[in-house]
Amino acid sequence: MENGKQSKLVSTTFTTVLPAPDQLTVDSVDTTSAAVSWSQPPGLDQTQHHYQISYQCPGTEPHIATTSSHSITLSDLQCGTQFSVTVCTVLENGKQSQLVSTTLTTILPAPDQLTVDSVDTTSAAVSWNQPPGLNQTQHHYQISYQCPGTKPHITTTSSPSITLSDLQGGTQYSVAVCTVLENGKQSKLVSTTLTTVLPAPDQLTVDSVDTTSAAVSWSQPPGLDQSQHHYQISYQWPGTEPHITTTSSHSISLSDLQRGTQYSITVCTVLEDGKKSQLVSTTLTTVHFQWWRRPSRVAAVCVLLAVIIGLWDSYATAERDQLQNSLNTRTTERDQLQNSLNTRTTERDQLQNSLNTRTTERDQLQNSLNTRTTERDQLQNSLNTRATEVDKLKKSLNTTTMERDQLQKEIERLNWENKRSCPEGWRRFGCSCYYLSTEKKSWEKSRQDCLERGADLVIINSEEEQTFINGFKSVSYAWIGLTDSVTKGPWKWVDGTPLTTARYWRIGHPLGSTLHYCAFIHHMSSGHGQWWSFDCSSSEHWICEKVFS
Ligand code: CA
């Protein structure tokens with residue numbers, strides 16, 4: 001109440017939600033272990049708590065672990081198996097949050113240490129170790145083997161070794177093995193290569209022997225049914241180089257053998273790529289006729305030998321001469337080639353010298369060109385400088401000319417004031433001097449010229465003066481000091497006096513227009529001359545008048 005009195009209290013309770021772990025992540029997975037982690041959920045900073053982790057694979061009881069950290073490594077897992085993992089937050093009083101969960105699958109390990117134990121012509125034995133973590137898991141192995149250009153053979157075994165048979169001899173096979181679980185899940189492959197032994201020919205037999213020939217044969221060895229191959233036969237008697245021949249059949253006749261001589265014979269299998277098998281060998285001895293029982297044949301043989309030796313000697317002599325001739329020819333050719341080579345070498349050296357000379361000349365010309373270019377640039381700069389100077393001098397000359405004209409006018413003015421006589425080029429009439437211009441200018445500029453000369457445009461005060469002015473016969477028209485341009489309407493003289501006598505205007509003048517006009521005198525051969533009103537900007541001669549005061 002307002003006076004502070006309070007009623008009984010009514011009360012209730014509520015409990016905030018216990019937050020579940022945040023961001024449950026599988027950090028790594030191995031064959032038998034896995035690491036998972038999570039973040040501390042918000043709102044638990046000041047609350048004692050830990051986490052409970054439960055993990056299981058299908059068909060087994062869950063494993064439960066607790067930790068106060070934010071990660072755990074699960075070990076002793078079955079490999080190649082999917083596990084579900086759940087984590088919840090647990091308070092000291094046992095209260096548990098909701099579960100967060102994830103799944104992970106352990107890696108199925110590949111067979112270990114794949115080894116080729118033995119290799120034969122048509123078979124090979126390979127073995128491997130059972131990978132760790134598979135002790136309690138039903139599994140077998142799948143073996144795939146193939147030689148280049150054929151389809152792979154695939155077989156399976158539950159033991160960690162296998163003998164591959166019916167292989168081609170002398171052939172490289174690639175062998176790959178992987179672990180397979182009952183559910184068909186396969187591990188990564190481990191692989192190796194092996195090369196079967198190329199089989200040597202089988203059952204080498206001497207079939208017959210004569211005085212100068214023999215026949216030997218053998219069998220095709222197993223494992224070569226589908227391989228292109230042939231055989232290489234080598235036979236020799238002691239102290240000589242071996243004779244080598246090849247055949248694709250399984251027998252050969254050796255001829256041109258020495259009588260009564262023991263030969264060693266070897267045969268090997270040869271593949272198309274040149275690969276050779278081990279050698280099999282045998283010996284045979286050619287038949288020696290039994291000369292001590294046939295003296296007549298001995299005598300015949302002796303005669304025959306004598307004939308052969310004689311023939312041989314002449315044959316050898318002829319062959320030696322041919323060889324000597326051939327040698328001489330080759331020597332001559334060699335000397336000619338040597339001479340040719342020497343000539344070419346000399347030519348090459350001369351060309352090299354010529355090239356060097358030309359290169360030097362080119363460099364000198366280049367230097368000369370560079371020097372000339374520099375000189376040209378300097379002259380160009382100098383020319384530019386001179387042109388600038390000329391411009392300056394022209395401006396200076398203009399200024400000086402204007403100053404000279406001004407001074408000339410100043411001298412004229414001073415002469416008047418001092419000597420009170422008309423300067424040279426001026427004419428005297430009454431108390432005034434008159435100047436007729438040689439140039440043509442507008443009325444304003446004409447008047448300016450007169451003012452600079454200490455005079456003004458002529459003011460005609462009397463008929464005598466008008467007659468005198470009309471006597472300036474050298475020009476037809478000349479500005480006089482009369483204008484309506486100061487105030488449109490009344491014509492006035494330049495000293496401000498109004499025009500009172502207008503009897504010298506040409507008929508129709510002054511022109512009646514809103515434009516301003518100035519007057520010039522038109523020289524007439526008789527009479528007094530006429531005044532014209534005219535556009536003041538027109539360029540005309542003018543007449544100055546200086547009145548002595
Ligand atoms: Ca006058």
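**Calcium site and disulfides of the predicted model**

The calcium ion is held by protein donors at 2.2 to 2.9 Å: Ile459 (O), Asn461 (OD1), Glu465 (OE), Glu465 (OE), Glu545 (OE) and Glu545 (OE). Donors are N, O and S atoms within 2.8 Å of the metal, or 3.2 Å for Na, K and Ca; water is not among the atoms, so sites may look incomplete. The structure is a predicted model, in which local features need pLDDT of at least 70, side-chain atom pairs count only at pLDDT 80 or more, and totals for chains, interfaces and linings use all residues. Residues are numbered from 1 along each chain as its sequence is written, and side-chain values use heavy atoms, with hydrogens and water left out.

The angles among the six donor atoms run from 48 to 152°, and the calcium site is irregular. Ideal angles for six octahedral donors are 90 or 180 degrees.

Along the chain, the calcium donors show the spacing I-x1-N-x3-E-x79-E. Glu465 lies in helix α3 (residues 463-470) and Glu545 in strand β29 (residues 541-547), so this pair links distant parts of the chain, 80 residues apart. Helices (H or I, at least four residues) and strands (E, at least two) are DSSP runs, numbered from the N terminus. Glu465 is buried at 4% relative accessibility. Glu545 is buried too, at 7%. Buried means under 20% relative accessible area, exposed over 50%, and partly exposed in between, with a 1.4 Å probe and protein chains only.

The model contains three disulfides, a disulfide being a pair of cysteine sulfur atoms within 2.5 Å. With bonded cysteines counted along the chain, the pattern is 1-2, 3-6, 4-5.

Cys422 and Cys433 are joined with an S to S distance of 1.9 Å. This link is left-handed, with -90° about the S-S bond. Cys422 occupies the loop between α1 (295-419) and β22 (427-429), and Cys433 sits in strand β23 (residues 432-436); the pair therefore ties together parts eleven residues apart in sequence. Cys422 is partly exposed at 22% relative accessibility, whereas Cys433 is buried at 0%.

The sulfur atoms of Cys450 and Cys544 are 2.0 Å apart and form a disulfide. Its S-S torsion is about -85°, so the link of Cys450 and Cys544 is left-handed. Cys450 belongs to helix α2 (residues 443-452) and Cys544 to strand β29, so the bond ties together parts 94 residues apart in sequence. Cys450 is buried, with a relative accessible area of 0%. Cys544 is likewise buried at 0%.

Cys518 and Cys536 form a disulfide with an S to S distance of 2.1 Å. The torsion about this S-S bond is about 100°, so the disulfide is right-handed. Cys518 lies in strand β27 (residues 517-522) and Cys536 in the loop between β28 (530-535) and β29, 18 residues apart. Cys518 is buried at 0% relative accessibility, and Cys536 is buried at 16%.

Cys79 has its closest cysteine sulfur in Cys57, at 11 Å, which is too far for a bond. Cys79 is buried, with a relative accessible area of 0%. Cys88 is buried at 1%.

Methods. Four donors count as tetrahedral if all angles lie between 85 and 135 degrees; four count as square planar and six as octahedral if opposite donors are over 155 degrees apart and all others between 65 and 115; anything else is irregular.
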